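Morning, everyone. I have one structure to go through today, and I will keep it short. Please have a look at the screen.

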Amino acid sequence: MSKPICLALMALALLFASGAGAAKPTFELSTSTLEDRQQQTRLYETEDEVALLSAGIAVLQDMGYNIVTTEKDVGLITASKNVSAKSGKQIAAAIFVAVVTGVDIATDKEQQINVSLVTNRSQLREGYLARVTFQRIVWNDRGRVSRAETIQTPELYEEFFDKLSKSVFLEANKI
Amino acid sequence: MNVRILLLALLPLLLTACAGQDKRILGGDNQVELRNMQSRTFETNDQNRVVRTVIATMQDLSFVISNADAELGTVSGMKLDGYNMKMTVTVRQKSENQMLVRANAQYNLKAIEDPAVYQDFFTALEKAMFLTANAVE
């Protein structure tokens, strides 16, 4: 066998081997499940689940989301919005790379944020638990998906629940 | 002549391509097998509780819920983690004291047909039902 064919076969073998090591679908609970649940959940001392959901809808509207679906019988609100994903840092890095190497690299352009807010009666204390989860799909300036991920920034969840607490207060006082 | 040989050589490829497209649209012929691996029953008559527990389990598994219907007992969600996983779970009454839960999921462009993956989901769901029943948070 000639050397180029041998090399090509080796490269193909490597490609298949790396493919076999790619992420496989799984529904196993991870070790961070409890931590994630705590970060994404707050207790609200109310007996009125619908009022809590209404406060949730209002806060999502405050944040510029479009409500996609609501199902009060299972305590669910889903919402989404499309916003810019442009980052000054990323654009600066792209310009730097283009100047130094002449290569035009893609930068993030737009993102769709999906959010679901779920309420459930607390089994331990009086009141309802609200759990929120955010995820995003980011497209680059070539129209390709550059990232698809669950957002796990703790500060984001903190800020959301601060706003939800305010909204619960405002709704309760009909403001 | 050469064109004719080329067309003859391509014919089986085109025929299998058509059959492949149909299979992609209609799914495989393993209905019974699929239903078995995707379904479990739970000894309860409380559909709302099971739907809420399914939602909580999917959130634990990093899904963002996109839709739910309490009356039909359906929950759909999407998980993004460098890949795109979509799942729909249905909860319906099987008998007076039994709920049938069925999950079907898709990983990127392929339906998940591995029984072990569904078993993992039902194991997580069992744990969540246990948590709810025993008031552990």
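I'll start with the interface: 29 residues of chain A contact 31 residues of chain B. Keep in mind that this is a predicted model.

The most comes from E4(A), with five residues. By residue type, the side of chain A that touches chain B has eleven nonpolar, twelve polar and six charged residues.

Now chain B. Chain B contains four helices and six strands. Reading from the N terminus, the order of its elements is α-α-β-α-β-β-β-β-β-α. Chain B has 137 residues, and 30% of them count as buried. Among the contacts in chain B with a separation of 6 or more, 47% are between residues 24 or more positions apart.

Is B:Lys79 buried or exposed? B:Lys79 counts as buried, because it has 23 C-beta neighbours inside 10 Å, and the cut-off for buried is 20 or more. Leaving out residues up to four places away in sequence, B:Lys79 touches B:Leu61, B:Ser62, B:Phe63 and B:Met85. As for B:Phe122, it sits 43 residues from B:Lys79 in sequence, and the C-alpha to C-alpha distance between the two is 17 Å.

That is what I have for today.

Definitions and conventions. Residues are numbered from 1 along each chain as its sequence is written. Chains are lettered from A and ligands numbered from 1 in the order in which they are written. This is a predicted model: local features need pLDDT of at least 70, side-chain atom pairs count only at pLDDT 80 or more; totals for chains, interfaces and linings use all residues. Two residues are in contact if their C-beta atoms, placed from the backbone, lie within 7 Å. Helices (H or I, at least four residues) and strands (E, at least two) are DSSP runs, numbered from the N terminus. Ala, Val, Leu, Ile, Met, Phe, Trp, Tyr, Cys and Pro count as nonpolar, Asp, Glu, Lys and Arg as charged, and the others, Gly among them, as polar. A residue is buried if 20 or more other C-beta atoms lie within 10 Å of its own, exposed if 12 or fewer, and partly exposed in between; C-beta atoms are placed from the backbone.
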